[in-house]
Amino acid sequence: MKAPAMLRHLDPWLEGASRNRGLAVGLAALAAAAVMGVSEAAYWGADEALRQSQARHVARNDGLRLRELLTDAETGQRGYLLTGRDDYLAPLHLAEAELPSVLKRLRGQYASSAWEALVADASRRAGEKLSELQLVVKLYRDGQDSAWRGLVESDIGREKMQAVREAVAQLDAHELTQIASERDAVARSLNYGRLGVHALTLLSLVGLAVFLRRNEALHAARRGHAQELAQERDRLDREVARRTAELTELAQHLQTVREDERAHLARELHDELGALLTAAKLDVARIRRMTKTAAPEIDDRLKHMSELLDQGIALKRRIIEDLRPSALSNLGLIPALEIFTQEFAQRSGLQLQIELDDAPTNEAGRLALYRLVQEALTNVLRHAKARVVRVSLQATDGWLQLQIRDDGQGFNPDAVGSGHHGLLGMRYRMESLGGTLQLLSTPGRGTLVLARLPVTADTEPPAGDATGTEPAPLSEPGALDSARAEGPTAPAARLTA
(Lines give C-alpha, C1' and ligand atoms only; values in the text may rest on other atoms or scores of the structure.)
Protein backbone atom coordinates (compact mmCIF):
# COMPACT_ATOMS: atom_id res chain seq x y z
CA MET A 1 0.00 0.00 0.00
CA LYS A 2 1.44 3.37 -0.98
CA ALA A 3 1.81 6.05 1.69
CA PRO A 4 -0.86 8.47 0.33
CA ALA A 5 -3.33 5.60 -0.08
CA MET A 6 -2.60 4.45 3.43
CA LEU A 7 -3.17 7.93 4.79
CA ARG A 8 -6.50 8.10 2.96
CA HIS A 9 -7.33 4.71 4.45
CA LEU A 10 -6.51 6.08 7.91
CA ASP A 11 -8.70 9.17 7.56
CA PRO A 12 -12.02 7.45 8.50
CA TRP A 13 -10.37 5.73 11.44
CA LEU A 14 -8.89 9.02 12.67
CA GLU A 15 -12.26 10.76 12.29
CA GLY A 16 -13.98 7.90 14.17
CA ALA A 17 -11.38 8.07 16.95
CA SER A 18 -11.91 11.82 17.20
CA ARG A 19 -15.70 11.38 17.36
CA ASN A 20 -15.38 8.64 19.99
CA ARG A 21 -13.11 10.82 22.09
CA GLY A 22 -15.61 13.67 21.83
CA LEU A 23 -18.50 11.35 22.74
CA ALA A 24 -16.56 9.91 25.69
CA VAL A 25 -15.74 13.38 26.96
CA GLY A 26 -19.38 14.45 26.55
CA LEU A 27 -20.70 11.38 28.39
CA ALA A 28 -18.14 11.81 31.16
CA ALA A 29 -19.13 15.46 31.55
CA LEU A 30 -22.83 14.52 31.57
CA ALA A 31 -22.28 11.80 34.19
CA ALA A 32 -20.23 14.17 36.34
CA ALA A 33 -22.94 16.84 36.04
CA ALA A 34 -25.63 14.28 36.97
CA VAL A 35 -23.68 13.06 40.00
CA MET A 36 -23.08 16.64 41.08
CA GLY A 37 -26.77 17.49 40.55
CA VAL A 38 -28.01 14.53 42.58
CA SER A 39 -25.45 15.19 45.29
CA GLU A 40 -26.32 18.88 45.45
CA ALA A 41 -30.07 18.16 45.54
CA ALA A 42 -29.60 15.67 48.37
CA TYR A 43 -27.36 18.09 50.22
CA TRP A 44 -29.73 21.04 49.99
CA GLY A 45 -32.73 18.86 50.90
CA ALA A 46 -30.95 17.48 53.93
CA ASP A 47 -29.64 20.90 54.86
CA GLU A 48 -33.12 22.41 54.74
CA ALA A 49 -34.53 19.57 56.83
CA LEU A 50 -31.74 19.97 59.37
CA ARG A 51 -32.30 23.70 59.63
CA GLN A 52 -35.99 23.12 60.17
CA SER A 53 -35.20 20.48 62.75
CA GLN A 54 -32.81 22.84 64.50
CA ALA A 55 -35.52 25.51 64.61
CA ARG A 56 -37.90 22.94 66.06
CA HIS A 57 -35.39 22.08 68.77
CA VAL A 58 -34.93 25.75 69.61
CA ALA A 59 -38.73 26.22 69.90
CA ARG A 60 -39.06 23.08 72.01
CA ASN A 61 -36.20 24.18 74.27
CA ASP A 62 -37.80 27.62 74.71
CA GLY A 63 -41.13 26.02 75.72
CA LEU A 64 -39.42 23.73 78.17
CA ARG A 65 -37.36 26.65 79.47
CA LEU A 66 -40.60 28.63 80.07
CA ARG A 67 -42.05 25.84 82.12
CA GLU A 68 -38.79 25.32 83.96
CA LEU A 69 -38.45 29.02 84.85
CA LEU A 70 -42.00 29.26 86.19
CA THR A 71 -41.69 26.01 88.16
CA ASP A 72 -38.37 27.03 89.71
CA ALA A 73 -39.70 30.50 90.46
CA GLU A 74 -42.78 29.04 92.23
CA THR A 75 -40.61 26.60 94.19
CA GLY A 76 -38.24 29.36 95.24
CA GLN A 77 -41.20 31.52 96.33
CA ARG A 78 -42.53 28.69 98.51
CA GLY A 79 -39.13 28.23 100.11
CA TYR A 80 -38.88 31.94 100.81
CA LEU A 81 -42.34 32.01 102.37
CA LEU A 82 -41.43 29.07 104.60
CA THR A 83 -37.98 30.23 105.67
CA GLY A 84 -37.89 33.94 105.00
CA ARG A 85 -34.42 33.54 103.45
CA ASP A 86 -33.70 35.76 100.41
CA ASP A 87 -31.49 33.19 98.70
CA TYR A 88 -34.63 31.18 97.90
CA LEU A 89 -35.70 34.06 95.63
CA ALA A 90 -32.82 33.49 93.15
CA PRO A 91 -34.98 31.36 90.79
CA LEU A 92 -37.65 34.07 90.90
CA HIS A 93 -35.14 36.75 89.98
CA LEU A 94 -33.82 34.53 87.17
CA ALA A 95 -37.32 34.09 85.83
CA GLU A 96 -37.88 37.85 85.94
CA ALA A 97 -34.70 38.32 83.86
CA GLU A 98 -35.11 35.54 81.27
CA LEU A 99 -38.84 35.14 80.93
CA PRO A 100 -39.43 38.19 78.66
CA SER A 101 -36.81 37.05 76.11
CA VAL A 102 -38.08 33.47 76.17
CA LEU A 103 -41.66 34.61 75.58
CA LYS A 104 -40.51 36.94 72.77
CA ARG A 105 -38.70 34.11 70.97
CA LEU A 106 -41.73 31.84 71.32
CA ARG A 107 -44.07 34.44 69.86
CA GLY A 108 -41.63 35.04 66.99
CA GLN A 109 -41.22 31.36 66.24
CA TYR A 110 -44.95 30.66 66.09
CA ALA A 111 -46.05 33.92 64.45
CA SER A 112 -48.45 33.47 61.53
CA SER A 113 -48.98 29.81 62.38
CA ALA A 114 -51.85 27.74 63.81
CA TRP A 115 -50.13 27.81 67.19
CA GLU A 116 -49.92 31.58 67.45
CA ALA A 117 -53.09 31.90 69.66
CA LEU A 118 -51.96 29.15 72.01
CA VAL A 119 -48.52 30.75 72.39
CA ALA A 120 -50.12 34.15 73.02
CA ASP A 121 -52.41 32.69 75.72
CA ALA A 122 -49.50 30.85 77.33
CA SER A 123 -47.42 34.04 77.28
CA ARG A 124 -50.20 35.97 78.91
CA ARG A 125 -50.75 33.37 81.62
CA ALA A 126 -47.00 33.07 82.24
CA GLY A 127 -46.82 36.81 82.73
CA GLU A 128 -49.76 36.75 85.09
CA LYS A 129 -48.21 33.85 87.04
CA LEU A 130 -44.93 35.72 87.39
CA SER A 131 -46.80 38.83 88.56
CA GLU A 132 -48.74 36.74 91.08
CA LEU A 133 -45.50 35.29 92.48
CA GLN A 134 -43.97 38.76 92.73
CA LEU A 135 -47.09 40.10 94.48
CA VAL A 136 -47.08 37.33 97.11
CA VAL A 137 -43.42 38.05 97.89
CA LYS A 138 -44.17 41.77 98.18
CA LEU A 139 -47.11 41.18 100.51
CA TYR A 140 -44.94 38.84 102.62
CA ARG A 141 -42.27 41.50 102.97
CA ASP A 142 -44.92 44.10 103.83
CA GLY A 143 -46.17 41.86 106.63
CA GLN A 144 -49.61 41.38 105.14
CA ASP A 145 -49.87 37.78 106.11
CA SER A 146 -53.56 37.30 105.50
CA ALA A 147 -53.31 38.79 102.01
CA TRP A 148 -50.42 36.68 100.77
CA ARG A 149 -51.83 33.57 102.41
CA GLY A 150 -55.13 34.18 100.65
CA LEU A 151 -53.41 34.45 97.30
CA VAL A 152 -51.33 31.35 97.92
CA GLU A 153 -54.30 29.29 99.04
CA SER A 154 -56.46 30.36 96.09
CA ASP A 155 -56.56 28.35 92.83
CA ILE A 156 -55.76 31.31 90.59
CA GLY A 157 -52.03 30.65 90.46
CA ARG A 158 -52.49 26.91 90.08
CA GLU A 159 -54.87 27.38 87.12
CA LYS A 160 -52.44 29.73 85.37
CA MET A 161 -49.55 27.37 85.96
CA GLN A 162 -51.60 24.44 84.70
CA ALA A 163 -52.53 26.34 81.54
CA VAL A 164 -48.87 27.13 80.88
CA ARG A 165 -47.90 23.47 81.41
CA GLU A 166 -50.62 22.26 79.04
CA ALA A 167 -49.62 24.78 76.38
CA VAL A 168 -45.95 23.83 76.72
CA ALA A 169 -46.88 20.13 76.55
CA GLN A 170 -48.88 20.68 73.36
CA LEU A 171 -46.07 22.67 71.80
CA ASP A 172 -43.54 20.06 72.86
CA ALA A 173 -45.61 17.25 71.37
CA HIS A 174 -46.03 19.25 68.15
CA GLU A 175 -42.30 19.99 67.92
CA LEU A 176 -41.41 16.35 68.57
CA THR A 177 -43.73 15.34 65.75
CA GLN A 178 -42.17 17.94 63.44
CA ILE A 179 -38.66 16.94 64.46
CA ALA A 180 -39.46 13.33 63.64
CA SER A 181 -40.86 14.48 60.29
CA GLU A 182 -37.75 16.52 59.57
CA ARG A 183 -35.58 13.57 60.53
CA ASP A 184 -37.52 11.45 58.07
CA ALA A 185 -36.98 14.14 55.42
CA VAL A 186 -33.22 14.09 56.07
CA ALA A 187 -33.23 10.30 55.79
CA ARG A 188 -35.19 10.48 52.55
CA SER A 189 -32.78 13.05 51.08
CA LEU A 190 -29.82 10.93 52.03
CA ASN A 191 -31.46 7.82 50.60
CA TYR A 192 -32.34 9.61 47.40
CA GLY A 193 -28.80 10.90 47.11
CA ARG A 194 -27.35 7.48 47.85
CA LEU A 195 -29.63 5.76 45.35
CA GLY A 196 -28.93 8.43 42.77
CA VAL A 197 -25.17 8.13 43.24
CA HIS A 198 -25.40 4.35 43.10
CA ALA A 199 -27.49 4.46 39.94
CA LEU A 200 -25.19 6.95 38.27
CA THR A 201 -22.16 4.94 39.41
CA LEU A 202 -23.62 1.83 37.81
CA LEU A 203 -24.38 3.77 34.64
CA SER A 204 -20.85 5.17 34.69
CA LEU A 205 -19.42 1.67 35.09
CA VAL A 206 -21.52 0.44 32.20
CA GLY A 207 -20.45 3.41 30.12
CA LEU A 208 -16.82 2.85 31.15
CA ALA A 209 -17.05 -0.80 30.14
CA VAL A 210 -18.51 0.17 26.77
CA PHE A 211 -15.88 2.87 26.35
CA LEU A 212 -13.03 0.53 27.30
CA ARG A 213 -14.29 -2.08 24.88
CA ARG A 214 -14.55 0.50 22.12
CA ASN A 215 -11.21 1.99 23.09
CA GLU A 216 -9.58 -1.43 22.96
CA ALA A 217 -11.00 -1.91 19.49
CA LEU A 218 -9.62 1.47 18.48
CA HIS A 219 -6.23 0.62 19.98
CA ALA A 220 -6.22 -2.68 18.11
CA ALA A 221 -7.03 -0.83 14.90
CA ARG A 222 -4.34 1.73 15.70
CA ARG A 223 -1.79 -1.01 16.33
CA GLY A 224 -2.73 -2.61 13.04
CA HIS A 225 -2.39 0.66 11.17
CA ALA A 226 0.85 1.44 13.03
CA GLN A 227 2.21 -1.92 11.93
CA GLU A 228 1.19 -1.18 8.36
CA LEU A 229 2.82 2.24 8.59
CA ALA A 230 5.98 0.68 10.03
CA GLN A 231 6.09 -1.81 7.19
CA GLU A 232 5.52 0.95 4.65
CA ARG A 233 8.18 3.10 6.33
CA ASP A 234 10.65 0.20 6.25
CA ARG A 235 9.86 -0.35 2.58
CA LEU A 236 10.37 3.35 1.87
CA ASP A 237 13.61 3.33 3.89
CA ARG A 238 14.86 0.40 1.84
CA GLU A 239 13.80 2.16 -1.34
CA VAL A 240 15.54 5.37 -0.25
CA ALA A 241 18.67 3.43 0.67
CA ARG A 242 18.62 1.67 -2.71
CA ARG A 243 18.06 4.92 -4.60
CA THR A 244 20.77 6.63 -2.54
CA ALA A 245 23.20 3.83 -3.33
CA GLU A 246 22.30 4.11 -7.01
CA LEU A 247 22.74 7.90 -6.95
CA THR A 248 26.04 7.56 -5.11
CA GLU A 249 27.25 5.03 -7.62
CA LEU A 250 26.05 7.27 -10.45
CA ALA A 251 27.80 10.30 -8.95
CA GLN A 252 30.99 8.28 -8.59
CA HIS A 253 30.66 7.09 -12.17
CA LEU A 254 30.08 10.64 -13.42
CA GLN A 255 33.10 11.87 -11.49
CA THR A 256 35.17 9.05 -12.94
CA VAL A 257 33.95 9.83 -16.45
CA ARG A 258 34.65 13.51 -15.88
CA GLU A 259 38.18 12.84 -14.72
CA ASP A 260 38.75 10.41 -17.59
CA GLU A 261 37.55 13.07 -20.05
CA ARG A 262 39.84 15.60 -18.43
CA ALA A 263 42.77 13.20 -18.66
CA HIS A 264 41.95 12.45 -22.29
CA LEU A 265 41.67 16.16 -23.12
CA ALA A 266 44.94 16.85 -21.30
CA ARG A 267 46.69 14.12 -23.33
CA GLU A 268 45.26 15.51 -26.57
CA LEU A 269 46.43 19.02 -25.71
CA HIS A 270 49.80 17.67 -24.65
CA ASP A 271 50.34 15.52 -27.71
CA GLU A 272 48.65 17.45 -30.52
CA LEU A 273 48.62 21.11 -29.50
CA GLY A 274 52.00 20.78 -27.81
CA ALA A 275 53.56 19.37 -30.95
CA LEU A 276 52.04 22.13 -33.11
CA LEU A 277 53.20 24.91 -30.82
CA THR A 278 56.67 23.39 -30.54
CA ALA A 279 56.98 23.05 -34.31
CA ALA A 280 55.84 26.67 -34.76
CA LYS A 281 58.37 27.78 -32.16
CA LEU A 282 61.17 25.94 -34.02
CA ASP A 283 60.13 27.44 -37.35
CA VAL A 284 60.14 30.96 -35.90
CA ALA A 285 63.61 30.32 -34.41
CA ARG A 286 64.98 29.13 -37.80
CA ILE A 287 63.43 32.09 -39.65
CA ARG A 288 64.98 34.53 -37.14
CA ARG A 289 68.43 33.01 -37.76
CA MET A 290 67.95 33.20 -41.54
CA THR A 291 66.76 36.83 -41.45
CA LYS A 292 69.29 38.34 -39.08
CA THR A 293 70.71 40.39 -41.90
CA ALA A 294 67.27 41.47 -43.13
CA ALA A 295 65.27 44.45 -41.97
CA PRO A 296 65.07 44.96 -38.18
CA GLU A 297 61.27 45.25 -38.44
CA ILE A 298 61.03 41.61 -39.55
CA ASP A 299 63.21 40.47 -36.64
CA ASP A 300 61.04 42.38 -34.15
CA ARG A 301 57.86 40.82 -35.52
CA LEU A 302 59.42 37.35 -35.37
CA LYS A 303 60.54 38.02 -31.79
CA HIS A 304 57.00 39.11 -30.89
CA MET A 305 55.61 35.98 -32.55
CA SER A 306 58.05 33.85 -30.54
CA GLU A 307 56.85 35.51 -27.32
CA LEU A 308 53.22 34.84 -28.27
CA LEU A 309 54.09 31.18 -28.86
CA ASP A 310 55.75 31.06 -25.44
CA GLN A 311 52.57 32.47 -23.91
CA GLY A 312 50.50 29.89 -25.78
CA ILE A 313 52.75 27.09 -24.54
CA ALA A 314 52.45 28.40 -20.96
CA LEU A 315 48.65 28.65 -21.31
CA LYS A 316 48.52 25.12 -22.69
CA ARG A 317 50.62 23.88 -19.80
CA ARG A 318 48.34 25.64 -17.24
CA ILE A 319 45.24 24.21 -18.89
CA ILE A 320 46.74 20.72 -18.81
CA GLU A 321 47.67 21.13 -15.15
CA ASP A 322 44.13 22.26 -14.32
CA LEU A 323 42.64 19.35 -16.22
CA ARG A 324 44.98 16.68 -14.88
CA PRO A 325 47.77 17.85 -12.54
CA SER A 326 50.91 16.01 -13.48
CA ALA A 327 52.45 16.65 -10.06
CA LEU A 328 49.66 14.61 -8.44
CA SER A 329 50.47 11.58 -10.57
CA ASN A 330 54.25 11.99 -10.62
CA LEU A 331 55.03 13.36 -7.14
CA GLY A 332 52.02 12.55 -4.92
CA LEU A 333 49.35 14.47 -3.05
CA ILE A 334 51.45 16.58 -0.68
CA PRO A 335 53.87 18.02 -3.31
CA ALA A 336 50.94 18.59 -5.70
CA LEU A 337 49.05 20.55 -3.04
CA GLU A 338 52.14 22.55 -2.13
CA ILE A 339 52.74 23.48 -5.77
CA PHE A 340 49.09 24.36 -6.36
CA THR A 341 48.75 26.49 -3.20
CA GLN A 342 51.96 28.37 -3.96
CA GLU A 343 50.82 29.16 -7.49
CA PHE A 344 47.34 30.05 -6.23
CA ALA A 345 48.79 32.41 -3.60
CA GLN A 346 50.89 34.13 -6.28
CA ARG A 347 47.90 34.56 -8.61
CA SER A 348 45.33 35.61 -5.99
CA GLY A 349 47.41 37.63 -3.52
CA LEU A 350 45.96 35.64 -0.58
CA GLN A 351 48.14 34.64 2.35
CA LEU A 352 48.06 30.83 2.56
CA GLN A 353 49.22 28.89 5.61
CA ILE A 354 49.95 25.25 4.75
CA GLU A 355 50.23 22.34 7.18
CA LEU A 356 50.23 19.00 5.37
CA ASP A 357 50.97 15.56 6.81
CA ASP A 358 51.56 12.69 4.42
CA ALA A 359 49.28 9.67 4.77
CA PRO A 360 48.53 6.68 2.56
CA THR A 361 45.48 6.90 0.32
CA ASN A 362 44.51 5.59 -3.09
CA GLU A 363 44.40 7.52 -6.35
CA ALA A 364 40.67 8.29 -6.05
CA GLY A 365 41.18 9.74 -2.56
CA ARG A 366 44.19 11.83 -3.65
CA LEU A 367 42.29 13.21 -6.60
CA ALA A 368 39.19 13.96 -4.51
CA LEU A 369 41.21 15.85 -1.87
CA TYR A 370 43.11 17.79 -4.55
CA ARG A 371 39.86 18.77 -6.33
CA LEU A 372 38.32 19.79 -3.01
CA VAL A 373 41.21 22.16 -2.29
CA GLN A 374 40.82 23.58 -5.80
CA GLU A 375 37.06 24.12 -5.38
CA ALA A 376 37.35 25.58 -1.87
CA LEU A 377 40.12 28.05 -2.73
CA THR A 378 38.25 29.12 -5.85
CA ASN A 379 35.16 29.85 -3.73
CA VAL A 380 37.29 31.77 -1.21
CA LEU A 381 38.71 33.93 -4.00
CA ARG A 382 35.27 34.58 -5.53
CA HIS A 383 33.07 35.09 -2.50
CA ALA A 384 34.84 35.18 0.88
CA LYS A 385 36.75 38.51 0.69
CA ALA A 386 39.35 36.86 2.91
CA ARG A 387 42.98 37.78 3.57
CA VAL A 388 44.32 34.60 5.19
CA VAL A 389 43.49 30.99 4.32
CA ARG A 390 44.77 28.01 6.30
CA VAL A 391 44.96 24.58 4.63
CA SER A 392 45.77 21.58 6.82
CA LEU A 393 45.81 17.84 6.16
CA GLN A 394 46.24 15.47 9.10
CA ALA A 395 45.87 11.73 9.70
CA THR A 396 44.18 10.86 13.00
CA ASP A 397 42.54 7.64 14.20
CA GLY A 398 42.46 6.05 10.77
CA TRP A 399 41.03 9.14 9.03
CA LEU A 400 42.48 11.76 6.74
CA GLN A 401 41.11 15.14 7.81
CA LEU A 402 41.35 18.12 5.46
CA GLN A 403 40.51 21.61 6.71
CA ILE A 404 40.29 24.81 4.64
CA ARG A 405 39.60 27.77 6.93
CA ASP A 406 39.38 31.42 5.88
CA ASP A 407 38.91 34.69 7.77
CA GLY A 408 36.39 36.06 5.27
CA GLN A 409 32.91 37.46 5.63
CA GLY A 410 31.22 34.07 6.06
CA PHE A 411 27.59 33.30 5.25
CA ASN A 412 24.54 31.38 6.42
CA PRO A 413 24.71 27.87 4.91
CA ASP A 414 20.94 27.40 5.33
CA ALA A 415 20.24 30.49 3.23
CA VAL A 416 22.24 29.32 0.22
CA GLY A 417 19.86 28.65 -2.66
CA SER A 418 20.03 26.20 -5.52
CA GLY A 419 22.65 26.42 -8.23
CA HIS A 420 25.69 25.98 -5.95
CA HIS A 421 26.79 22.58 -7.17
CA GLY A 422 30.55 22.67 -6.65
CA LEU A 423 30.82 21.74 -2.98
CA LEU A 424 27.61 19.71 -3.24
CA GLY A 425 29.24 17.55 -5.89
CA MET A 426 32.34 17.25 -3.73
CA ARG A 427 30.21 16.12 -0.80
CA TYR A 428 28.72 13.34 -2.90
CA ARG A 429 32.22 12.48 -4.10
CA MET A 430 33.49 12.21 -0.52
CA GLU A 431 30.52 10.11 0.54
CA SER A 432 31.04 7.76 -2.40
CA LEU A 433 34.57 7.16 -1.07
CA GLY A 434 33.28 6.48 2.46
CA GLY A 435 34.05 9.94 3.81
CA THR A 436 32.19 13.08 4.85
CA LEU A 437 32.20 16.78 3.97
CA GLN A 438 30.94 19.57 6.23
CA LEU A 439 30.57 23.28 5.51
CA LEU A 440 30.60 25.39 8.69
CA SER A 441 30.16 29.15 8.48
CA THR A 442 28.71 32.12 10.36
CA PRO A 443 28.23 35.61 8.89
CA GLY A 444 31.22 37.75 9.81
CA ARG A 445 33.27 34.86 11.23
CA GLY A 446 34.72 33.09 8.21
CA THR A 447 34.14 29.63 6.77
CA LEU A 448 35.48 26.15 7.50
CA VAL A 449 35.40 23.32 4.96
CA LEU A 450 35.99 20.04 6.81
CA ALA A 451 36.50 16.79 4.86
CA ARG A 452 37.28 13.34 6.23
CA LEU A 453 38.37 10.25 4.30
CA PRO A 454 39.37 6.84 5.62
CA VAL A 455 43.06 6.09 5.43
CA THR A 456 43.56 3.38 2.79
CA ALA A 457 46.61 1.64 1.40
CA ASP A 458 47.71 2.83 -2.01
CA THR A 459 46.91 0.00 -4.41
CA GLU A 460 47.52 2.07 -7.54
CA PRO A 461 50.68 1.82 -9.68
CA PRO A 462 53.55 3.97 -8.38
CA ALA A 463 54.20 7.38 -9.85
CA GLY A 464 55.92 7.31 -13.23
CA ASP A 465 55.04 3.67 -13.93
CA ALA A 466 54.60 2.94 -17.60
CA THR A 467 51.15 1.50 -16.99
CA GLY A 468 49.80 4.24 -14.79
CA THR A 469 50.59 7.87 -15.50
CA GLU A 470 50.53 10.24 -18.37
CA PRO A 471 53.80 11.49 -19.88
CA ALA A 472 55.46 14.59 -18.55
CA PRO A 473 54.29 17.92 -20.00
CA LEU A 474 55.76 19.02 -23.31
CA SER A 475 57.64 22.10 -24.36
CA GLU A 476 59.32 23.58 -21.34
CA PRO A 477 60.29 27.16 -22.18
CA GLY A 478 63.95 26.47 -21.27
CA ALA A 479 64.07 23.60 -23.78
CA LEU A 480 63.24 25.98 -26.62
CA ASP A 481 66.04 28.31 -25.59
CA SER A 482 68.47 25.39 -25.81
CA ALA A 483 67.02 24.50 -29.22
CA ARG A 484 68.21 27.82 -30.60
CA ALA A 485 71.77 26.85 -29.73
CA GLU A 486 71.42 23.38 -31.23
CA GLY A 487 70.67 24.71 -34.68
CA PRO A 488 67.92 23.84 -37.15
CA THR A 489 68.81 20.17 -37.24
CA ALA A 490 68.17 19.54 -33.52
CA PRO A 491 65.90 16.52 -33.12
CA ALA A 492 62.38 17.18 -31.89
CA ALA A 493 62.60 14.22 -29.51
CA ARG A 494 64.85 16.19 -27.18
CA LEU A 495 62.09 18.82 -26.71
CA THR A 496 59.39 16.31 -25.87
CA ALA A 497 61.19 14.36 -23.21
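Colleague: Which residues form one aromatic cluster?

Modeller: Tyr80, Tyr140 and Trp148 form it. Bear in mind that this is a predicted model.

Colleague: How do you know how many aromatic pairs there are?

Modeller: Rings pair if their centres lie within 6.5 Å, and by this rule the count comes to 4 aromatic pairs. One of them is Tyr80 with Tyr140, at 5.1 Å centre to centre and 70 degrees between the planes. Planes over 60 degrees apart count as edge-to-face, and the pair is therefore edge-to-face.

Colleague: What makes Tyr80 and Tyr140 a link between distant parts of the chain?

Modeller: Tyr80 is in helix H1 and Tyr140 in helix H3 (residues 116-141), and they are 60 residues apart.

Colleague: Is Tyr140 buried, exposed or partly exposed, and why?

Modeller: Buried means under 20% relative accessible area and exposed over 50%. Tyr140 has 23%, so it is partly exposed.

Colleague: Why is the pair of Tyr140 and Trp148 called edge-to-face?

Modeller: Their ring centres are 5.4 Å apart and their planes stand at 75 degrees, so the pair is edge-to-face. Trp148 has 7% relative accessibility and counts as buried; Tyr80, at 4%, is buried too.

Colleague: Why does Gln77 count as buried?

Modeller: Gln77 has 0% relative accessibility, and the limit is under 20%. It sits in helix H1 (residues 3-83). Leaving aside residues up to four places away in sequence, Gln77 touches Tyr88, Glu132, Leu133, Val136 and Val137.

Colleague: How do you know where helix H2 bends?

Modeller: The bend is about 40 degrees at Glu98, and Pro100 follows within four residues. H2 (residues 90-109) still reaches 28 Å from its first C-alpha to its last, close to the 28 Å expected for its 20 residues. Its buried residues are Leu92, Ala95, Leu99, Val102, Leu103 and Leu106.

Colleague: What makes S1 and S4 the edge strands?

Modeller: The open sheet has 5 strands in the order S1-S2-S3-S5-S4, with mixed pairing. Strand S1 (351-356) and strand S4 (436-441) each pair on one side only.

Colleague: How do you know that S4 pairs with S5?

Modeller: Pairing needs at least two bridges, and 6 bridges join S4 to strand S5 (residues 447-454), the two running antiparallel. Ser441, for instance, has Thr447 in S5 as its bridge partner.

Colleague: Which strands does helix H9 touch?

Modeller: H9 (residues 363-384) packs on the sheet and touches S1, S2, strand S3 (399-406), S4 and S5. Its direction makes about 10 degrees with that of S3.

Methods
Residues numbered from 1 in each chain as written. Predicted model: local features only at pLDDT ≥ 70, side-chain atom pairs only at ≥ 80, totals over all residues. Heavy atoms only, no water. Contact = heavy atoms within 4.5 Å. Axes fitted to C-alpha atoms, helices over the stretch in contact; angles between N-to-C directions. Buried < 20%, exposed > 50% of the residue type's maximum accessible area, 1.4 Å probe, protein only. Expected span 1.5 Å × (residues − 1). Bend = angle between axes of the 7 residues up to and from the residue. Phe/Tyr/Trp six-rings, centres within 6.5 Å; stacked < 30°, edge-to-face > 60°.
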